[in-house]
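Me: I would like to learn how to read the features of a model such as this one. Please take them in turn, with the general idea before the case.

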Amino acid sequence: MKKDKISGKESEGIVTRNTGSSYMVRLDGEEGDVNCRVKGNFRIKGIRTTNPVAVGDRVTVTKAADDADYITAISPRRNYIIRRASNLSKESHILAANLDLAALVVSLREPTTPTTFIDRFLATAEAYNISAMLILNKSDIWDDDDRELARGMTYLYESIGYGTAEVSAKSGEGLDSLRKTLEGKVTLLAGNSGVGKSSLINALVPGADLKTGRISDIHHQGMHTTTFSEMVSLPGGGELIDVPGIRGFGTIDFQASEVSHYFPEIFRYGEGCRYGDCKHTGEPGCAVIPAVEEHLISESRFASYLSILDEIENPEKYRKPF
């Protein structure tokens, strides 16, 4: 009988870094992380993704005969969050697993975070039943108009039920309050390139020393600095999962009939529609469109909702890297 080359000592741990070809795992009760590979065509049943293992996964690590370490099993995930993969396929990419919170870092300028991006992120967090919040960064460069916009965004998203924080990684404004919010939680930290995620983590975690990037003078967009997902421990307890900056947020596997469920305020008003399957696109007896016209639902949020419906119904228009 042929001997299994990776049968050996087994240990449990948590995935702390994904470099694409290998994974770092923090083994229970041990100092430091070990570099692990995945044996063969390792896939999770029922989930078609570009990455079979994600940061935050609880895994079994087996020592091989050649002393290499292999991930051989993944514990059931409490939850996970995905987006469309950054290629032309219909596959998804798991951003992180086993989360307590999904936090989106946004900026009002240099670069400006589109509201559509914000709402797609929040809708995806709703779809995967993960609490979400917004972190408005770079308050040190805001002018009076920016501060008024920040107040409006804070009012809008908090009225829907999302937490918000106004911070500056540079000046330290709002960081003490944010630390208390993140303490003891496993938090995904996502955002467009250039919004200051790495600077924010460096401010929250002394010694993290993550690379920071400049802003492109041509398009006022961030230059990619994070090229892999990584877990960073907070000094007061808890973990941050930093993921590569992304220029858009492509949803995947949304059904048109379910999209309104991921916009809490649209779902709430939608309960008053004449028809249970109303898509809020002009059907008779719709209660949502009047709520938008009366400014009870934000026009920007409704536009984001319609953009997701349009993507589902006309996927060829959106078949581009996100």
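Me: Which residues have the most contacts inside the largest nonpolar core?

Reply: A nonpolar core is a set of buried Ala, Val, Leu, Ile, Met, Phe, Trp, Tyr and Cys residues joined through side-chain atoms within 4.5 Å. Buried means under 20% relative accessible area, exposed over 50%, and partly exposed in between, with a 1.4 Å probe and protein chains only. Here the largest core has 46 residues, and Ile71, Tyr157, Leu188 and Ile241 have the most contacts inside it. A second, separate core of 20 residues includes Met133, Leu178, Leu189 and Leu234.

Me: What should I keep in mind about the model itself?

Reply: The model is predicted, so local features need pLDDT of at least 70 and side-chain atom pairs count only at pLDDT 80 or more, while totals for chains, interfaces and linings use all residues. Residues are numbered from 1 along each chain as its sequence is written, and side-chain values use heavy atoms, with hydrogens and water left out.

Me: What does isoleucine 241 touch?

Reply: Contact means heavy atoms within 4.5 Å. Not counting residues up to four places away in sequence, the partners of isoleucine 241 include Val55, Gly56, Ala96, Leu99, Val186 and Leu188. For the protein chain, take the contacts between residues at least 6 apart in sequence: 65% of them join residues at least 24 apart.

Me: How many helices and strands are there, and what share of the residues is buried?

Reply: Helices (H or I, at least four residues) and strands (E, at least two) are DSSP runs, numbered from the N terminus. The protein chain has seven helices and 13 strands. Of its 322 residues, 49% count as buried.

Me: Where is asparagine 137, and is it buried or exposed?

Reply: Asparagine 137 belongs to strand β9, residues 132-137. Asparagine 137 is buried, because its relative accessible area is 1%. Its side chain reaches the backbone nitrogen of alanine 169 at 3.3 Å. Beyond four places in sequence, asparagine 137 is in contact with residues including Val105, Trp142, Val167 and Gly196.

Me: How many disulfides are there?

Reply: A disulfide is a pair of cysteine sulfur atoms within 2.5 Å. The count is zero. The sulfur of cysteine 278 has its closest cysteine sulfur in cysteine 286, but at 3.8 Å that is too far for a bond. Cysteine 278 counts as buried at 10% relative accessibility, and cysteine 36 is buried at 0%.

Me: How many aromatic pairs does a search of the whole structure find?

Reply: Rings of Phe, Tyr and Trp (its six-membered ring) pair if their centres lie within 6.5 Å; planes under 30 degrees apart count as stacked, over 60 as edge-to-face and the rest as tilted. The search finds four aromatic pairs. Phenylalanine 254 and tyrosine 262 form a tilted pair, 4.9 Å centre to centre with 50° between the planes. Both of these residues are buried. Phenylalanine 302 and tyrosine 305 are stacked, because their planes are at 25°, with centres 5.9 Å apart. Both lie in helix α7, three residues apart, about one turn of the helix. Ring pairs link Phe263, Phe302 and Tyr305 into a cluster.

Me: Which residues is leucine 309 in contact with beyond four places in sequence?

Reply: Leucine 309 lies in helix α7, residues 299-313. It is in contact with Ala256, Val259, Lys279 and Thr281. At 3% relative accessibility, leucine 309 counts as buried.

Notes:
Polar contact = N/O pair within 3.5 Å; in protein donor to acceptor, adjacent residues only side chain to side chain.
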